[in-house]
Amino acid sequence: MVARVIPVDTFDLVIFGGTGDLARRKILPGLFRRFLAGQMPDGSRIIGAARSDLDDAAYQSMISDAIDEFGGPEKDDKEGRKAFLACLGYVQIDAKGTDGWKDLAKLIRENVVQAFYFSVAPSLFGDLAERLMKHKIATPHSRVVVEKPFGRDLESAKALNKTLATHFDESQIYRIDHYLGKETVQNLMAVRFGNVLFEPLWNNHYVDHIQITVAETVGVGGRGAYYDRSGAMRDMVQNHLMQLLCLIAMEPPSQFGADAVRDEKLKVIRALQPIEPHHIVRGQYDAGADTASYREDAENPRSFTESFIAMKTHISNWRWSGVPFYLRTGKRMKARSSEITVVFQSLGHSIFEGEESLPNILSIHLQPNEGMDLQVTIKEPGPGGMRLVSVPLDMTFADALGDSDIEVTDAYERLIMDVIRGNQTLFMRGDEVEAAWAWTDPIIAGWEARNDVPKTYEPGSTGPEDALMLLHRDGRKWREVKG
Ligand code: NAD
């Protein structure tokens, strides 16, 4: 099956921070793939804007190197690469000063879609927004893309929203959470709302509990100082895990449109119960045979910041009352694996003597391979009576769609193209972000007030022992973390 390419209008995309890690690792290699897929109309331009003193040719060469380093098989398309690089320009700019702004103003066209990607520290958002307006570069139709972290608490998130709102309407602001751009996350909505099978069962009458795990094998080395000021709660739970929780738990929106979807997600966040302190386990990874401990990576021997968190939460509404949601994320874990699991209730009675009924389990895999499977009970083949086994009905896209080469678009590529199309459905709205912080802040404040010390855990494990107990106490167990 060949992926359909939906055309977009001609655009000027300015990437502030165009020489930075994110731009080189994700944004530009992603745009190169969209270019090759025929999704960049003739005349569209990408303009890197950053502090380094470069001209267009030097920037093109930097991005060519980035494609070599971070691109996939498409990097072998030499002709394609040459044509793509010809669409790139560069402006040396000072977000806090005057340098470069007149040059940028001259470059940007009014009769095409304009998007400004703020791939810089959030402390620069206000400076960029102000200068885009002052130099009459942005128009009421321009779009602004902002990266995480969106604040470090409710107060700072409100301040950022206020800064952006001074210059732009909410309909112009695209807050990225790249988890929402993943193919499987959108497929979750297709499965839920496009089939008769699941929605009738998607509630507390049939669902026993839901688990969301985002496990990473890497430590925080390299960005330890930054991470130490945030921790797993701010870095992962407040944004990525809560967004996944919203999509799994929200009511069906009346249509798959930006405000309809975001209204329903907001209701989920607002219905989250405050968490009991004994329903949270915080952890910090220890040193391994050849890996440093969290405190060494963070260069903070007295750090109380968590590199792991597991928690149980509930949603106070008719659909989910009584159903626990277990969330877990951590660094230096056993495998790199992100998964959402819906565990359905077991049948009350088994008609097969000596065989207990096994629950149906829907697993949605986000990484390393995107796909879904549904555990169903069947008879174990062969003679020897009626023995039951649970087997997965595999819904891995490549297999199911009959083409192992089918392209699963990277989250960043999809989201950037949505910006150009003007589709905000997969972006967080300001009130959503604030509601998420309003739920997270008291939890963090509680730790700070109690001087809560995270439990250490072995690198390559599934976190501290207490995290296992969180489910054991409820007669449940975590899904295996496997890559
Ligand atoms: P980086 O430090 O690698 O790059 C920063 C960029 O900003 C550089 O291009 C630099 O020239 C530019 N810059 C800094 N000060 C400037 C100024 N005064 N005027 C003009 N340009 C200036 O940072 P990064 O890792 O690319 O991250 C960029 C943003 O994306 C940050 O907000 C970060 O939190 C977020 N983010 C990054 C990643 C990632 O994987 N790197 C992932 C998610 C979110």
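Modeller: Two strands pair if DSSP finds at least two bridges between them. Keep that in mind here, and remember that this model is predicted.

Colleague: In which sense do β7 and strand β10 pair, parallel or antiparallel?

Modeller: Strand β10 covers residues 325-330, and β7 pairs with β10 in the parallel sense over 6 bridges. Take one partner as an example: T213 is bridged to R328 in β10.

Colleague: And in which sense do β7 and strand β11 pair?

Modeller: Antiparallel, over 8 bridges, with β11 spanning residues 337-344. Look for I210, which stands opposite V342 in β11.

Colleague: Now the core. What is the general idea?

Modeller: In soluble globular proteins, nonpolar side chains tend to be buried together. In this model, the largest nonpolar core has 138 residues. Those touching the most other members are F16, L28, L31, F84, L104, F118 and I248.

Colleague: Which helix gives the most to this core?

Modeller: Helix α9, residues 231-249, with 12 residues.

Colleague: Which residues does L104 touch, leaving out those up to four places away in sequence?

Modeller: L104 touches V14, F16, I47, V91, I93 and I137.

Colleague: How do I read aromatic pairs?

Modeller: Check the angle between the ring planes; over 60 degrees counts as edge-to-face. The structure holds 15 aromatic pairs. In one of them, Y227 and Y294 have ring centres 6.1 Å apart and planes at 65°, so this pair is edge-to-face.

Colleague: Where in the chain do Y227 and Y294 sit?

Modeller: In distant parts, 67 residues apart. Y227 is in helix α8 (residues 224-228), and Y294 is in helix α11 (residues 294-297).

Colleague: Is Y227 buried or exposed? And Y294, buried or exposed?

Modeller: Buried means under 20% relative accessible area. Y227 has 1% relative accessibility, so it counts as buried. Y294 has 0%, so Y294 is buried too.

Colleague: Which rings are linked into a cluster?

Modeller: Ring pairs join F16, W101, F116, F118 and F125. You have met two of these names: F16 and F118 are also among the core residues that touch the most other members.

Colleague: Which residue lies over the face of F150?

Modeller: R175, at 5.1 Å from the ring centre. Likewise, K182 lies over the face of Y179, at 5.5 Å from the ring centre.

Methods
Residues are numbered from 1 along each chain as its sequence is written. This is a predicted model: local features need pLDDT of at least 70, side-chain atom pairs count only at pLDDT 80 or more; totals for chains, interfaces and linings use all residues. Side-chain values use heavy atoms; hydrogens and water are left out. A nonpolar core is a set of buried Ala, Val, Leu, Ile, Met, Phe, Trp, Tyr and Cys residues joined through side-chain atoms within 4.5 Å. Buried means under 20% relative accessible area, exposed over 50%, partly exposed in between (1.4 Å probe, protein chains only). Helices (H or I, at least four residues) and strands (E, at least two) are DSSP runs, numbered from the N terminus. Contact means heavy atoms within 4.5 Å. Rings of Phe, Tyr and Trp (its six-membered ring) pair if their centres lie within 6.5 Å; planes under 30 degrees apart count as stacked, over 60 as edge-to-face and the rest as tilted. A charge sits over a ring if NZ of Lys or CZ of Arg is within 6 Å of the ring centre and within 35 degrees of the ring normal.
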